[in-house]
Amino acid sequence: MEEKGSVLGKSVKRVDAHDKVCGITKYTDDLCGKSLVARVLHSTIAHGRVLSIDCSEAEKIPGVVKIVTCFDAPKNYFPTAGHPWSTDPAHQDVADRLMLNEHVRLYGDDVAAVVAEDEVAAAQALRAIHVEYEEYPFVLDVQKAMEDGAPQLHEAFPNNILKHTSIRNGNYEEACKEPGLIKVEGWYDTPTVQHCHIENFICYAEMDKGRIVVTASTQIPHIVRRVVGQALGIPWGKVRVIKPYIGGGFGNKQDVLYEPLCAWLCTLVGGRRVKLDCTREETFVCNRVRHAIRGHIISWVRPDGTYAARKLELFSNQGAYASHGHSIAAKGMGAFPQMYPCPNVDADSYTVFTNRPAAGAMRGYGIPQAMFLFESHTDDVAKAIGMSPLEFRQKNLMPVGFTDAFSKNVLYTDSYNQCIDKARVYMDYDRKYKEYAQQEGPIRRGIGLAAFWYNTAVWPISLESSSCRMVLNQDGSVQVQVGETEIGQGADTTFTQMTADTLGIPLENVHVISCQDTDVTPFGTGAYASRQTYVAGFSIHQTALLLKERILDYAHELTRMPTAILDIVDGMIVRKTDLQVQMSLEELAMEALYSLSHSEHLTAESTYQIKSNAYSFGCTIAEVEVDIPACRATLLNVINVHDCGRLINPALAEAQVHGGMSMGIGYGLSEQLLFDEKTGRPLNNNLLDYKLSTFMDHPHLEAEFVENYEPTSVYGTKALGEPPVCSVAPAIRNAILQATGVAVNELPLNPHNLFRRFHEEGLV
Amino acid sequence: MADKQYKLVTCTINGVRRQTMVDVRASLTDMLRNDYQLTSVKKGCEVGECGACNVIIDGECYNSCIYLAVWAEGKNIRTLESLMGPSGELSDIQQAFIDETAVQCGFCTPGFIMSAVEILESGKEYSRDELRKLLSGHLCRCTGYENILNAVEKTMKKRLAMNHEV
C-alpha cells in the first residue's frame, strides 16, 4: 500500500512532455531521412477479381524504381490482429491476408504497389497503372451479408459468418413464460467509425546484414515482427522492428497494417530504405475501423423491476478481412449477462464479413458498441415499467461480490453505485431529472445516465505476460525497459513512478527507454486492452525487487551489514535500524562497476505471467438541449466517473478520461464513415467530411474518480485507457430520450437520425 | 525541363535568413521538414484539415501543408523551434502545456502551441468560448482539448496581468 512520501498517486509531469513541447520528439517520419517512397494502388470496385494489370506506362515514368502487382505477391496467408501468438492452433487468429490481392473485397483494397525515388513519381505511376477487373456483387449490410445467396467474400466462411458464439444461461424459453412479465424489445445500431489518430500510419524498412529492419508507428512491435516473418515466409529473427514515439494509436495500430508490404518491397529494391506513409484518406479506409454492431435485445421484466429472462443477438460488421475478428463481438456479448445479472440469458453474436473496410481493435474493443445497445435498452426497460432509470439501475447492476466463473473477476467494491452517486452530485441529477420530466415546446432539456462494464487485460482468453529489464548506471540511476508501449497515454511516466517507488530512488534517476526495439526490448505484446499499468506493474515490481536485492547484496559486501537491515531510500543505502545513511547508490554503483576486487554490472531482468484481471467500472451523466425543429442535440454538461483502482498519476488519469469522453461525444453525436450504396465507395474518408469532435463540439469535460484499491494489482491499479469512451454515447441518447420521449436507437445522434425518428413520432 | 521545376527561395526562418532550391510543387511543410529539419512541423492530413503543420508566417498562422514553399519568398516564418530561449529555456506557453497536462501523444502539440502564440501575441483578452473558436482549426484525438484550453487561457491571463503591472 501507499507509503508516506511515495511518488505513487502524485501528478508528476510527463517524462516526455518537455521534448514534445519543444518539437524534438522523434516520430517515424522524423527518423526516416532520405528514402525511396512506396505507394499502394487501391481497387476502385468494392468486390471482384483483378483480371490484368498493365504497368507498362507507369514503368516509363522517370523515378519509378519498382512496380509489383497482386500477381507477384507471395501467397503466404497471414493474420494481422495484435493478439499474442496462440500455441493452440485452434485459437490462432484467422490468416486471411495477402500483401496484395487478386480477389478484392472492398473499395480501396490493395492491388499493386509502386516504389519510386520521390512522392511525385510514385503518385504519377499510380495514375498510369491500368487495372482490369471482373466485378462481383457486393454487400455492405451485416444482416444482408448473412442471407443465402449474398455475395461471398471468403470461401471458407459460408454466409460470410466469420464466427458465431452463444451464451446459454438458465432456460430463457421457459423463464419468459412466467405470468405477469412485461416484454421490452429493441433494435439498436452503431456506425463504422475510425480512430483518427493525428499521425497517420507510417513505416519504413531497410536491410541490415541480411535482416529486415522495420521502423513503424505501431502499438505492438513484437507482434509486428512475428507477422512480418509470417507474411514474408522468413524466420522471425530475421526481422527487427523499431517503434519510436507514435502520434496516437487507439487500436488501429494494434494491428499489423502495411509493415509486411513495406518490408517485402524493401527486399525487392536491394534492401534500400523504403518508406510507406499512408494518406489520411487511406488511413480511413485501408487501415482498420471500429466494428459497426447492430443488436436486438428482448427483456422480460417483472413489475417490481427485476429481470426474469433476457435475449441478445449481436451482428458485428467485420468488413472485408478478419483482423481482430470475433473477439470484439464476443467481448461485447460477454458483458451482457454480467452487467445486469439475470438467471436466464440467451445470447448470440455473429461476426460477418462485408465489403467495407476491415474492422479491428478500437478503444473499448466492442464495449462502446455494446454499451450503446445495452444502456439504451436499460432506459427503454425502465421507461416501460415506469421506474426511473437510476432506480432501475441501482436495483439491477452487478452487485458487490459478483464473481465471473470464466475470468474469476470479482467485484470487490460497490464501484457502480459509488461512481453514479458521485456523478449525480456533480450534475445535480436528481433535481434536473425531475425538472425535465414534463416539458413542452420546441427547445427541451434532458439528463441521461449510462454505466459501463469493462475488464482489464486479456487473461484468460489470451496470454498475459510482461517482461522488464533494469540496468544500474554509474550515477545511481537506472534504465528501465518493458514490452508495454508508450502510445501517448503516459505509460512511460507511470512506469517511472512505479520504478522509483519500489526501488527507492528519485524519479529523475529513472530513465524509461521509450523507443522499443525487438532486438533489445524485453518481449512484450504491446499496448492494448488497457493493460499497461496493470500488467507492467507486476514485472516492474518484481524486477525492481530483484535489482534491489542485488544492490543490497553488494552493499552488504561494502558495509558488512546484513542485507536484512539495509534498504534503499531516496537513492541512499540506509541502515533501517537507525536510519543511518551508509552510502549513496551512486557510490555503490561506481564501486560495483570499477572495483579491482569485485566488479559487477548490477542489472535485473524478469518475466511475470499474469493470471488475473480486474473489472474497471464507471458511468457517464450527460445533459442535453434538444432543438426539436432543427433536429439538433447540444451537449450542455457531461461527467465521467471511473473506478480504475488507485490512481498512479491523477493528472494523467484525468487527461486520459477527457480524451475518451471526447471520442465518446464524437461517437454519440457526429462520427460515421459513410459508403455509397451503389458502388461501395467511401464517401467521407477525410477530416473535413468525417465529423470528428473539434474544440467547438463539447462543453467542459468533467472527469472524476472513485479510488478503490484493486486487490489483485501490485500497485492497486486497473484499466483506464479505454473505459472513458464506453458510456458517453448512451448517456447522450438517454438524455435525448428524457428530453423528447423519443428513443433514437441509431448512432450518431446527428440531425439526420433525429429527424427520421422525430418525424416518425410526429414531433416534426 | 527539370530546371523549371526548381526555384530559389529566400526567407527568414526562426530569425535567420535562409536560402534553398525548392521544387515548385513542394509545400512549405516539405521545405521546413526536409530542407531545414524543422520536424516540429507535423503532417496529419496534408490538405489543411488537422492543423498539425501550423506555422506563423509574417505574424499569422497558416497550415503550411497547403502553403507552397515558393510563396515563402521574402517571408518571415516561425516554427515551434523558435520559442526556446538561448539556453533552451522554455517559453511560458510551452511550460503551461507541460504543467496543465495538455500533452499526450504530442503530435498535434507544436501546431497548437503556434496558434496559442498568435493568440497570446495579440495582447487581447479572450473568453473561453472565443479561445475555443480561435483554436478550433486544430484536431486532437487524445486530450479532448480540455487541458489545452486551460494551458492557453492561463498563459493569456498571466501575460495580461504582467502587461498590466508594467
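Modeller: In chain B, the C-alpha centres of domain 1 and domain 2 lie 23 Å apart. Domain 1 of chain B covers 3-82 and domain 2 of chain B covers 92-165; such bounds come from an automatic or database domain assignment. This is a predicted model, in which local features need pLDDT of at least 70, side-chain atom pairs count only at pLDDT 80 or more, and totals for chains, interfaces and linings use all residues. Residues are numbered from 1 along each chain as its sequence is written, while chains are lettered from A and ligands numbered from 1 in the order in which they are written.

Two residues are in contact if their C-beta atoms, placed from the backbone, lie within 7 Å. Strands here are DSSP runs of E with at least two residues, helices are runs of H or I with at least four, and both are numbered from the N terminus. Ala, Val, Leu, Ile, Met, Phe, Trp, Tyr, Cys and Pro count as nonpolar, Asp, Glu, Lys and Arg as charged, and the others, Gly among them, as polar.

Now the strand pairing. Strand 1 (residues 6-13) and strand 2 (residues 16-23) of chain B are antiparallel partners, joined by 8 bridges. Two strands pair if DSSP finds at least two bridges between them. One of the bridges sets B:Y6 against B:D23 in strand 2 of chain B. The two strands make a hairpin with 2 residues between them, and B:N14 in the turn has a positive phi of about 50°. Strand 1 of chain B also runs parallel to strand 5 (residues 76-78) of chain B, with 2 bridges between them. There, B:T12 stands opposite B:N76 in strand 5 of chain B.

Finally, chain B also touches chain A, in a contact that takes 40 residues from chain B and 45 from chain A. Helix 2 (92-99), helix 3 (109-121), helix 4 (128-135) and helix 5 (146-165) of chain B are the elements that give two or more residues to the chain B side. That side divides into 20 nonpolar, 12 polar and 8 charged residues.
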